[in-house]
Amino acid sequence: MKIAYIFDQPLPGKEADQMQLINTIAALSRHGCEVTLFLPASNVDDLPTADALREYYKIDAPFKLDCIHSIFPGPRIAEKVVHPLLCTTLLRKKLRTFDLVYSRNIPAIVTSLSTGMPTMYDTYRPWPIQYAAMIPLFRLIFMDRNFLGIALHSEYSRQAYISKGFDPHKLLTAHNGYDKRYYTPALSKGEARALTGLERDAKIAMYAGRISMKKGLDHVLRLAQARPDVEFVFVGPGDESGEFARAAQHLANCQIIGWQPEDALPKYLFSADVLIIPPTAGPLQKTGNTVLPIKLFSYIAAGRAIYAPIAPDTAELLQHDRNAYLVEPDDEAAELNGFNALIDDDERMNRLSNEAAKDAQNLTWDARAEIIVDFMQRRLGEIRA
């Protein structure tokens, strides 16, 4: 299967959607698909190469790369529209040599369908319940006979489309994943802390992901303030404004570590006693920019106790007091009481850790690719029939 993957951002980068993209095309390539990634480029004299991306993201996969000169940098809405438009106009003849177009970008989906190409959309967004004004656009997309469907990152998002009357036959739940190479063999906490330099005998609670107050990290800082005996470690990119660093600088038990490449992140996760998803519903229900966060798959793969809020998306993978400790979101007393009940109970942490490690076996990127390829082959067969 030959796949043209149109992505609307230049690479490399450290954002979650960029990590999700590169791991998806790598897994599809390993699964036997011939994938060409079409990226925008602002400087034709300094273009990335496929080998450079493989090295940056530490992945092993035979995908190809094609860069199209575009208007980067520019207004984000213009970037999202111009690049797919250029791809489908300048490369119309080349795209015809592919079996399908795949993208996370809605303008790319629309312009690809306008050329008559079979087209697959990949998203975490439950658009119909977040922005009702987009429903008519999606109705037109679903009516196109060449629209294969949507690979959704959660059943929560899939049900959002079904609740608005969209065809379930074109909706696939395909959870994100992790790269098994970096979590095998598992490290003990002692081994991992020897590699990271984190305090060997401390109780460590860790957040790994984008460091931004928009992710609910004010709730984690509140826990850190209440438990000065616990070390709180934050690993990830972000905080360009310095807002989080300013808020954390007065807490002696908070340590900020920058972004780590995918092959280095596991040693930090293995160092933790508890891995934290901020106990708030804000990113899901208010801003809508986090649905079944990608960090969760790395957390599960690390086989450490997970502390998280009760939420409809994470409920697909986390069950209270089986593989995670869940608390009522945005309830200060419940957040602290739950954290104490977990971090102070070694037996519970070990039990939850063991169950998480068992659950990780079927949550790899390669397992996701297999599901998506089977879906696309079925839908392509139906279209051709």
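Reader: In which helix is the place of K295?

Author: This is a predicted model. In it, K295 belongs to helix α14, which covers residues 295-302.

Reader: Which side chain of opposite charge is nearest to K295, and how far away is it?

Author: That side chain is D313, at 9.5 Å. K295 is buried and has no salt bridge. A salt bridge requires a side-chain nitrogen within 4 Å of a carboxyl oxygen, so D313 at 9.5 Å does not qualify as a partner for K295.

Reader: Then what does K295 touch?

Author: Setting aside residues up to four places away in sequence, K295 touches Y207, A208, G209 and I277.

Reader: Let us turn to the nonpolar core. Which residues of the largest one touch the most other members?

Author: They are Y183, M206, F232, F234, L269 and F339, in a core of 61 residues. Helix α14 gives the most to this core, with six residues.

Reader: What is F339 in contact with?

Author: Apart from neighbours within four places in sequence, F339 is in contact with A205, L223, R227, V230, F232, I276 and Y307. There is also a second, separate core of 38 residues, and V35, C67, M120 and A151 are among them.

Reader: On to charges. How many salt bridges are there?

Author: The count comes to 26 salt bridges. One of them joins D51 to R54, with the closest N and O atoms 2.8 Å apart.

Reader: Where do D51 and R54 sit relative to one another?

Author: Both are in helix α2 (residues 50-57), three residues apart, so about one helical turn separates them.

Reader: Are D51 and R54 buried or exposed?

Author: D51 is exposed, with a relative accessible area of 54%, whereas R54 is buried, at 18%.

Reader: And which residue forms a salt bridge with E155?

Author: E155 pairs with R158, the closest N and O atoms being 3.4 Å apart. These two are three residues apart in helix α8 (residues 155-162), about one helical turn. E155 is partly exposed, with a relative accessible area of 26%, while R158 is buried, at 16%.

Reader: What about K358: which residue is its salt-bridge partner?

Author: The partner is E355, with the closest N and O atoms 3.3 Å apart. K358 and E355 lie three residues apart in helix α16 (residues 346-359). K358 is exposed, with a relative accessible area of 56%, and E355 is partly exposed, at 21%.

Conventions: Residues numbered from 1 in each chain as written. Predicted model: local features only at pLDDT ≥ 70, side-chain atom pairs only at ≥ 80, totals over all residues. Heavy atoms only, no water. Helix = DSSP H or I, 4+ residues; strand = E, 2+ residues; numbered from the N terminus. Buried < 20%, exposed > 50% of the residue type's maximum accessible area, 1.4 Å probe, protein only. Lys, Arg positive; Asp, Glu negative; His and termini not counted. Contact = heavy atoms within 4.5 Å. Core = buried A, V, L, I, M, F, W, Y, C linked by side-chain atoms within 4.5 Å.
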